[in-house]
Amino acid sequence: MQWTLVVPLKPLAQAKSRLADTADDRLRPGLALAFAQDTVAAALACPAVRDVAVVTDDARAGRELAVLGAAIIPDEPGSGLNAALAHGARIIRSTRRESPVAALNADLPALRPPELTRVLDAAAEFPRAFLPDAAAIGTTLLAAAPGRELLPAFGTDSRARHRASGAVELGLADVDSVRQDVDTGDDLRNALALGVGPHTAAAAARLLIPGQ
């Protein structure tokens, strides 16, 4: 089974506000774009992935991610993360009704294709499944089998919300790169320790990060 991944990305100027203690207003947009570039590049290198669709209204991000091979879907709802994901899934299913679809966070700069393959292969066993983030509070991936609605419930306590929605929690070990999203300075340090992609490595080199 090959998946289509839907990756939501808010306008870069608004992204990663919780990294304010690590990156100032001039650097955060570039850092958010670097996260997305490394996430998309790793996802497209995954054998279980057919294609990646990025839902964004940011022109710069759209151009850079299209160069990597992502399809760009305008965020027509403009109503937040879950609306963007549902919109992206609808667009994909309008032409490929039986395509398996998974939502993937745009801030997984340490993502490794073999680990993503393991997660998607495990998710294929269930109608809907999700992977909790490294903090065990949020979600980094939500998958829906052919013919099943995605029903995204990202945001505060999304792990509990996805579980309550009937999605199966994937309890996989050794998939740290798929779980390590980056919202805070500590998250970035953890991602750097795992080993990030080239775009994030270059962007992070411009930061002064304690502990690195």
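This briefing describes helix packing, nonpolar cores and selected residues in the structure above. The model is predicted. Two residues other than glycine, Lys 16 and Asp 174, have positive phi values.

**Packing of H1 and H2**

- The crossing of the two helices is right-handed.
- On the H1 side, the contact is made by Gly 30, Leu 33, Ala 36, Gln 37, Val 40, Ala 41 and Leu 44.
- On the H2 side, Arg 60, Ala 61, Glu 64, Leu 65 and Leu 68 take part.
- By residue class, the contact of H1 with H2 comprises eight nonpolar, two polar and two charged residues.

**Nonpolar cores**

- In soluble globular proteins, nonpolar side chains tend to be buried together.
- The largest nonpolar core here holds 37 residues, and the members that touch the most others are Leu 5, Val 52, Leu 116, Leu 120 and Leu 141.
- At least two residues of this core come from each of strand S1 (3-8), H1, strand S2 (49-55), H2, strand S4 (101-104), helix H4 (113-123), strand S5 (128-132) and strand S6 (139-144).
- Beyond its neighbours within four places in sequence, Val 52 is in contact with Leu 5, Val 7, Val 40, Ala 43, Leu 44, Ala 70 and Ala 71.
- Val 40 and Leu 44, both among these partners of Val 52, also belong to the H1 side of the contact with H2.

**Residues of helix H3**

- His 87 is located in helix H3, which covers residues 81-95.
- The relative accessible area of His 87 is 8%, so this residue is buried, the limit for that class being under 20%.
- With neighbours within four places in sequence set aside, the contacts of His 87 are Ile 73, Pro 74, Glu 76 and Pro 77.
- Ala 83 also has its place in H3, and its relative accessibility of 25% makes it partly exposed.
- Ala 83 and Val 49 are 34 residues apart in sequence, and their C-alpha atoms are 23 Å apart in space.

**Loop between S1 and H1**

- Ala 13 lies in the loop between S1 and H1 and is exposed, with a relative accessible area of 71%.
- A distance of 26 Å separates the C-alpha atoms of Ala 13 and Ala 193, which are 180 residues apart along the chain.
- Lys 16 is found in the loop between S1 and H1, but Lys 16 is buried, at 18% relative accessible area.

**Positive phi values**

- Most residues other than glycine have a negative phi.
- Lys 16 has a positive phi, near 60 degrees.
- Asp 174, likewise not a glycine, has a positive phi of about 60 degrees.
- Asp 174 is placed in the loop between strand S7 (168-169) and helix H6 (176-179).
- Asp 174 counts as exposed, at 63% relative accessibility, whereas Lys 16 is buried.

Terms used:
Residues are numbered from 1 along each chain as its sequence is written. This is a predicted model: local features need pLDDT of at least 70, side-chain atom pairs count only at pLDDT 80 or more; totals for chains, interfaces and linings use all residues. Side-chain values use heavy atoms; hydrogens and water are left out. A crossing is left-handed if the near helix is turned anticlockwise from the far one by less than a right angle, and right-handed if clockwise. Helices (H or I, at least four residues) and strands (E, at least two) are DSSP runs, numbered from the N terminus. Contact means heavy atoms within 4.5 Å. Ala, Val, Leu, Ile, Met, Phe, Trp, Tyr, Cys and Pro count as nonpolar, Asp, Glu, Lys and Arg as charged, and the others, Gly among them, as polar. A nonpolar core is a set of buried Ala, Val, Leu, Ile, Met, Phe, Trp, Tyr and Cys residues joined through side-chain atoms within 4.5 Å. Buried means under 20% relative accessible area, exposed over 50%, partly exposed in between (1.4 Å probe, protein chains only).
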